[in-house]
Amino acid sequence: MARRRWAATGEQLARWMASLESAPALPSALILLGGSAGWMMSPDFLARFKTVLLVDIDPWAPRLFALRHGATLRRHGVQLDFLRGDVHELLDRALAAQPQACVLFDNFLGLDSIYTRSLEVTARRMRGIRQRMRGRLWGSVHDRLSGPGTADWRHADCWARDWSAQSGQALPQQDMFASVQAQGHWLDHHTEHVLPPGLNTRLIAWPIVPGRWHWLEAAWVDAR
Ligand SMILES: C[S@@+](CC[C@H](N)C(=O)[O-])C[C@H]1O[C@@H](n2cnc3c(N)ncnc32)[C@H](O)[C@@H]1O
C-alpha cells in the first residue's frame, strides 16, 4: 500500500536524481547518507555509479537495501559498501575514503532538530554541512514541513513545484498547504540552512501515511 501511495513522490525524486546527469564530469562513486532500504531510491540513478558507499545508523540498512536494489547493483556491476553509524561522526571518514565521490543526503536531515533539541545547534550543524561539502558535487533531499492534510493522494495534483530562493521568493507555504488541504499543526523541520542560499530547489509532496503529508526539498549543489 505504501508503495502505491509513495509512487508519485518516488517518480518526482527519480526525475530530480536524473537531473544530476547535466552536471559536467560526473563522479563514478556515490556516498549515500541515510539511504536506509532505498524505498525511494531510483534504480536508474544507482546504476550510473561504479561504487556506492551506504552510511546509515541502522544495522539492517545494507541487507534491506540489497533486497530492494541487489539485482540492479549486480546487473550494472555496482559495488555496495556499508559504514554503520552516525553520519555526523562518520562523514569526514567517508569523504576521506572517497575523495572524488558525489554525496547524497538521502532524506534524514529533517530528523536532526528532534535529536539536537536545539534550533541553534541544528542551524549550526546544517551550515556546517555546507562547509564540509566544499569541493564536492552533492545533493540533499530533506523534510521542510510535515503535518496532517486531507487531500486524497490518489487524486491530488500537488506533487511538485520549483522554488527559487534566488528571486527572493518566500517558501510558497500557503500554496503547499492548500494543495494537500492542510489541517491542524504542522512541523517545521528546520532544514532551511541545509542548502546554500540562492539555489533553485524542488519541493515534493510525500503522503507518508494516509492523512499525513511531508513537503520534501531537493537540490544538487556543484561546489567543486
Ligand atoms: C527517512 S529514512 C531515509 C529513507 C531513504 N532515503 C529511502 O529511500 O528509503 C532515514 C534513514 O536515515 C537514517 N538516519 C537518521 N539519522 C541518521 C544519522 N544521524 N546517521 C546515520 N543514519 C541516520 C535512519 O536509520 C534511516 O534509515
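1. Among contacts in the protein between residues at least 6 apart in sequence, what percentage join residues at least 24 apart? The share is 78%, where a contact means heavy atoms within 4.5 Å.

2. This is a predicted model, in which local features need pLDDT of at least 70 and side-chain atom pairs count only at pLDDT 80 or more, while totals for chains, interfaces and linings use all residues. Residues are numbered from 1 along each chain as its sequence is written, and side-chain values use heavy atoms, with hydrogens and water left out.

3. As to overall form, the C-alpha atoms fill a box of roughly 45 × 40 × 35 Å, taken along the principal axes. Of the 224 residues, 51% count as buried, a term that stands for under 20% relative accessible area, with a 1.4 Å probe and protein chains only.

4. The secondary structure comes to seven helices and nine strands; these are DSSP runs, numbered from the N terminus, with helices (H or I) of at least four residues and strands (E) of at least two.

5. Leaving aside neighbours within four places in sequence, Arg 161 is in contact with several residues, including Met 176, Thr 201, Leu 203 and Trp 215. The side chains of Arg 161 and Asp 175 are also joined by a polar contact of 2.9 Å (a pair of N or O atoms within 3.5 Å; within protein, one must be able to donate a hydrogen and the other to accept it, and residues adjacent in sequence count only if both atoms are side-chain atoms).

Technical notes. Buried < 20%, exposed > 50% of the residue type's maximum accessible area, 1.4 Å probe, protein only.
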